[in-house]
Amino acid sequence: MPTWTFVRHGQSVANAEGWLAGFHDAPLTPLGRQQAIEARERLPTPLPPRAYCSDLSRAHETAQLLLEGRGIRPVVAPQLRERDCGAWERRSIASVERLGPTRQRLGSWRGAPPRGESLLAVALRVVGWLTTVDDSDEDALIVCHGALMRSVLAAIDRIPREDLDLWRPGNCEAIGRDVEVGGFRRLIDELRAEAGANHDA
């Protein structure tokens, strides 16, 4: 059974300055680059033979630093982008919090920023893409983003949806999950059924 290791990118300028990046291309800070270099020691051994990363520079550069000198080139996948924060993109987290109950928009499974994605929508996007590479028993490394990890791991682990706001991955935190070949195909069917049920409700 292949192990899928998800790694959040190193500290970005948006992380350091406290604003929502979403699809915006916020680069790594010097600390973020150092975090990625230090995270090499926490990667699985042996290293997964295949690697994928978001096309946003904070994840792409993290992947390059993690894999430097390892003989593995990450496949860049736009489907692994961070959550689309819509109208809140590039706004400070403090200013968004002043708008009201942001937990219903950012922390809950179905809530979404104006013109942005819910965590459920992110899970549908990413798990849908994972079905296209879910055809090998080789382990894989996914270098991506925080909300994306929360969404996908919630789907894999069947976490109660009301508990999603209890955890957020740190910069360069790595989390592995064993998912049998074909497992993401079954998972996307579950998510689509859940989304359809939510829509019907």
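This is a predicted model: local features need pLDDT of at least 70, side-chain atom pairs count only at pLDDT 80 or more; totals for chains, interfaces and linings use all residues.
## Basis of the model

Local features need pLDDT of at least 70 and side-chain atom pairs count only at pLDDT 80 or more, while totals for chains, interfaces and linings use all residues. Residues are numbered from 1 along each chain as its sequence is written, and side-chain values use heavy atoms, with hydrogens and water left out.

## The sheet

An open sheet of 5 strands has the order β3-β2-β4-β1-β5, with mixed pairing. β3 and β5 (174-178) stand at the edges with a single partner strand each, so one side of each has no neighbour in the sheet. Strands (E, at least two residues) and helices (H or I, at least four) are DSSP runs, numbered from the N terminus. Two strands pair if DSSP finds at least two bridges between them.

β1 and β4 run parallel and are joined by 5 bridges, with Thr5 opposite Leu141 of β4.

Strand β2 (residues 50-53) is joined to strand β3 (residues 75-76) by 2 bridges, and the two run parallel. Tyr52 stands opposite Val75 in β3. From β2 the chain passes through helix α3 (residues 57-67) to β3, in a right-handed β-α-β crossover. Right-handed means that, with the strands pointing away from the viewer, the path from the first strand over the helix to the second runs clockwise.

## Buried strands

How many residues of β4 are buried? The count is 5 of the 5, so β4 is largely enclosed by the rest of the structure. Buried means under 20% relative accessible area, with exposed over 50% and partly exposed in between (1.4 Å probe, protein chains only). From β4, Ala140, Ile142 and Cys144 point one way and Leu141 and Val143 the other.

Strand β2 is covered on both faces. Arg50 and Tyr52 lie on one side and Ala51 and Cys53 on the other, and all are buried.

## Aromatic pairs

The structure holds 2 aromatic pairs. Rings of Phe, Tyr and Trp (its six-membered ring) pair if their centres lie within 6.5 Å; planes under 30 degrees apart count as stacked, over 60 as edge-to-face and the rest as tilted. Trp4 and Phe184 form an edge-to-face pair, 5.1 Å centre to centre with 90° between the planes. Trp4 lies in strand β1 (residues 3-8) and Phe184 in helix α8 (residues 183-200), so this pair ties together parts that are 180 residues apart in sequence. Trp4 is buried at 0% relative accessibility, and Phe184 is buried with a relative accessible area of 0%.

The ring centres of Tyr52 and Trp129 are 5.3 Å apart and their planes are at 80°, so this pair is edge-to-face. Tyr52 is in strand β2 and Trp129 in helix α6 (residues 119-130), 77 residues apart. Both residues, Tyr52 and Trp129, are buried.

## The largest pocket

The largest pocket is lined by 26 residues, of which Arg8, Leu20, Glu82, Ile93 and Arg168 lie nearest its centre. On a 1 Å grid over the protein atoms alone, a pocket is an open set of points where a 1.4 Å probe fits, with protein on both sides within 12 Å along at least five of seven lines; lining residues have an atom within 4 Å of a point. Helix α5 gives the most to the lining, with 4 residues.
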